[in-house]
Amino acid sequence: MRSPLIPEMATQEVQLNETLAHLKTESETLKSKLEEERAKLHDVELHQVAEKVEGLGQFVMKTRRTLKGHGNKVLCMDWCKDKRRIVSSSQDGKVIVWDAFTTNKEHAVTMPCTWVMACAYAPSGCAVACGGLDNKCSVYPLSLDKNENLAAKKKSVAMHTNYLSACSFTNSDMQILTSSGDGTCALWDVESGQLLQSFHGHAADVLCLDLAPSETGNTFVSGGCDKKANVWDMRSGQCIQSFETHESDINSVRYYPSGDAFASGSDDATCRLYDLRADREVAIYSKESIIFGVSSVDFSLSGRLLFGGYNDYTINVWDVLKGTRVSILFGHENRVSTLRVSPDGTAFCTGSWDHTLRIWA
Amino acid sequence: MTSNSNLSNMRRLVEQLKLEASVERIKVSQAAAELQQYCLQNAAKDALLVGVPTGSNPFREPRSCAVV
């Protein structure tokens, strides 16, 4: 007579637990090995290497334009490649395209949702993408006819299962990269709305992303509520490098202009620089007096300056090489929520919960 | 079964860690030197860093005002 099934199942259960325990030990060992390997190459600090570099003088940067028109918090903005147009999105559901030279509004779209957390300009300058609490990313072709209703030509491209936190066109109008509160990033074909690749690995909401400069190849970096910054291969969907040194949510990530490094801004009130070839954090930009979170970061054209927009309404300007703050800019009357340097580096734009955008130069 | 998905998650984690551990790395001193070199090479073109001749930064030009 056959022995009862229950003891066999018990044996299977035991084997499963042993395998899990074995894998857990293996993962702990690998994590330690990773730290060890990274530490071996940590022979010097960035600011030590930069000791002989000439210090930066005083900066005179002021608000040169104020863009008024949003009815509520500005959440996101992006520059057009023409270096003068800007798209911005707000909690009130409006997406506005501005001419930053004249401060005139050129287009306005009302989204069917509030909290439009993400917007992006297409490389051609002929369309904008946006989304937020609707869990989608939609593309609006910009019409030359000011009277045309932009909403009529709207195309839904991306569908996530939670809010859209960021979006970016790749180097053409044909593909869009998105990040979401659902913990994933995704690459979409604009024309068909087809999902081309999805990126899994974050353990919580993904809040930001940035594409590597085109010369560096097909990668992008994302930051999330899991305190991790992940670098992804766009073709394979694989996470190729991961950095976990921040102590809180990462709100913004931006590549260094050469593509060899990226900066991050976090709710832990610090900005950090990670070098991709050294595979580690190489600088922290912080001060004891800065206790509010960083919402957005961007580099000046040469990568020497790092601009950070903070929740204490200020912009701190950092010397990337020396690690020191070179300037603090006041002007906004509420949190700075978004910050981008213009394509030719002549100015940078900030958006704020005070409903305005400012151009600084 | 939850234990099976835990198992596959753990296997995936271990594979991911193996991939990350195999990345080729360079010394921070070399990486830092190259970051610095890029900054210095491009400093002259960085308008926010060095400023540009008056009149060539469109944002620094005052907009024309009409006196009523």
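Predicted model: local features only at pLDDT ≥ 70, side-chain atom pairs only at ≥ 80, totals over all residues.
The extent of the interface may be considered to begin with. On one side, 43 residues of chain B take part, and they are in contact with 64 residues of chain A. Together the two chains bury an area of about 4,700 Å² between them, and carbon and sulfur atoms give 70% of this area. Three residues, Arg25(B), Leu48(B) and Phe59(B), supply 19% of the area that chain B buries against chain A, more than any other three residues.

The elements of chain B that give two or more residues to the side touching chain A are helix H1 (2-21), helix H2 (28-42) and helix H3 (47-50). Of these, H1(B) provides the largest share, 14 residues. Sorted by class, the side of chain B that touches chain A has 23 nonpolar, 8 polar and 12 charged residues.

One joins Arg25(B) to Asp279(A), with the closest N and O atoms 2.7 Å apart. Asp279(A) is located in the loop between strand E20 (271-275) and strand E21 (280-285) of chain A. Is Asp279(A) buried or exposed? Its relative accessible area is 1%, so Asp279(A) counts as buried, the cut-off being under 20%. Leaving aside residues up to four places away in sequence, Asp279(A) touches Leu34(A), Arg38(A), Gln241(A) and Phe243(A), together with Val23(B) and Arg25(B).

Notes
Residues numbered from 1 in each chain as written. Chains lettered and ligands numbered in written order. Heavy atoms only, no water. Contact = heavy atoms within 4.5 Å. Buried area = accessible area lost by both parts, 1.4 Å probe. Salt bridge = Lys/Arg side-chain N within 4 Å of Asp/Glu carboxyl O. Helix = DSSP H or I, 4+ residues; strand = E, 2+ residues; numbered from the N terminus. Nonpolar A, V, L, I, M, F, W, Y, C, P; charged D, E, K, R; others polar. Buried < 20%, exposed > 50% of the residue type's maximum accessible area, 1.4 Å probe, protein only.
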